[in-house]
Amino acid sequence: MEQLSRRVPALAGDAHSSPIGIVVVNYACRELIEHNLGAVELVNARVVVVDNWFSSAEREDVRALTVRQGWTLVEMADNRGFGPGVNAGVRKAGELGCTTVLLLNPDVELTGDVIEQLRLQCLAVPGSLVSPLLVDLAGKVVFEGASLNLVDGRIRNAAKAAADPDPRSRPKVWLTGACLAVDRALWDWVGGFDEGYFMYWEDVDLNYRCAQAGARLILRRDLTAVHDQGGTQGPRRGRAKSALYYFYNSRNRMLFAVRHLSRREVVAWMVATPKVSYEIWLHGGRRQLLESPGLVLSAARGGLAGLIGGARFLVGR
């Protein structure tokens, strides 16, 4: 951490009194944002809503919402995905004087006190990423850190991976971007989100680059946020995820590999792709084969797109 602190330039101004910037990306989920964040009593915080283009009506409604709430709106001309939206929001938060930022999904609900504790934790440990525990609407823990197996590209619950370690796996722990507080100096140093992912895996990529730079990843088990998983995915049947979830999780797994791993490791990930893509599809349960059989094709298409990307990497393209 001392080495990281020497390399990351300090931000101007009094960091301890500066507000935290809460960055939320909207894509046709304005009502979720208003419900989950509109009634939160904020202390020393600035809310930045980034509106990825959906329709003229949605844009007007988001403008009205941000005016009512006194929030800052960043209007995107198109929809280039989650990562570019967050990057634009963090830049705006910097212009508002925020030295820490909280990346927040529209379907996450938390209190003003939790937000303030996340801000103070980032200030206490410069060059850090901080996350609370995420629980579902029933109070069950749904995220307490995750572990990426660098041998085959599988993601597991971090606690389970630690209890059953594989000495070959070289696991890397990461924190979800659904509710993630970041020291903005660290964010600027590593360059924010890689915008090539569109959605999913950009938080894995960010955590990996930050950890490689010497950052500290902190899970605050005494703080909780409620994550209505899939709230932004629209109507679904049963446990099934969206087609975009399956495609981009399967595709972006290999994108991460070609961004960060050796040729030998990329080959190993490619070999594991059919099985891992099937496992990603299983996140929605086996019943979806009867309820939404077409979704299996989304995972297969994503896996194929990933394999094509891996092959291009191996031949130097």
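Analyst: The buried residues of α5 are G112, V114, I115, E116, L118, R119, Q121, C122 and L123, where buried means under 20% relative accessible area, exposed over 50% and partly exposed in between, with a 1.4 Å probe and protein chains only. This is a predicted model, in which local features need pLDDT of at least 70 and side-chain atom pairs count only at pLDDT 80 or more, while totals for chains, interfaces and linings use all residues. Residues are numbered from 1 along each chain as its sequence is written, and side-chain values use heavy atoms, with hydrogens and water left out.

Helix α5 covers residues 112–124, and its 13 residues reach 18 Å from the first C-alpha to the last, close to the 18 Å expected at 1.5 Å a residue; that expected span is 1.5 Å times one less than the number of residues. Helices (H or I, at least four residues) and strands (E, at least two) are DSSP runs, numbered from the N terminus. The cover over the buried residues of α5 includes β1 (20–26), β4 (100–104), β6 (128–135), β11 (179–183) and β12 (216–227), with contact meaning heavy atoms within 4.5 Å.

L110 is in contact with I115 and L118, and also with V40, L102, L104, C179, T224 and A225, once its neighbours within four places in sequence are left aside. In the largest nonpolar core, which has 47 residues, L110 is among those that touch the most other members, together with I22, L102, F256 and W269; such a core is a set of buried Ala, Val, Leu, Ile, Met, Phe, Trp, Tyr and Cys residues joined through side-chain atoms within 4.5 Å. Helix α9 (residues 243–260) gives the most to this core, namely five residues. A second, separate core of 26 residues includes V23, V86, C98 and V101.

Helix α10 (residues 263–281) packs against α9 at an angle of about 165°, with the axes 10 Å apart, the axes being lines fitted to C-alpha atoms, for helices over the stretch in contact, and angles running from 0 to 180 degrees between N-to-C directions. The two helices α9 and α10 are therefore roughly antiparallel, a term for angles over 145 degrees, whereas those under 35 count as roughly parallel, 65 to 115 as roughly perpendicular and the rest as oblique. Among the residues that meet here are F256 in α9 and W269 in α10.
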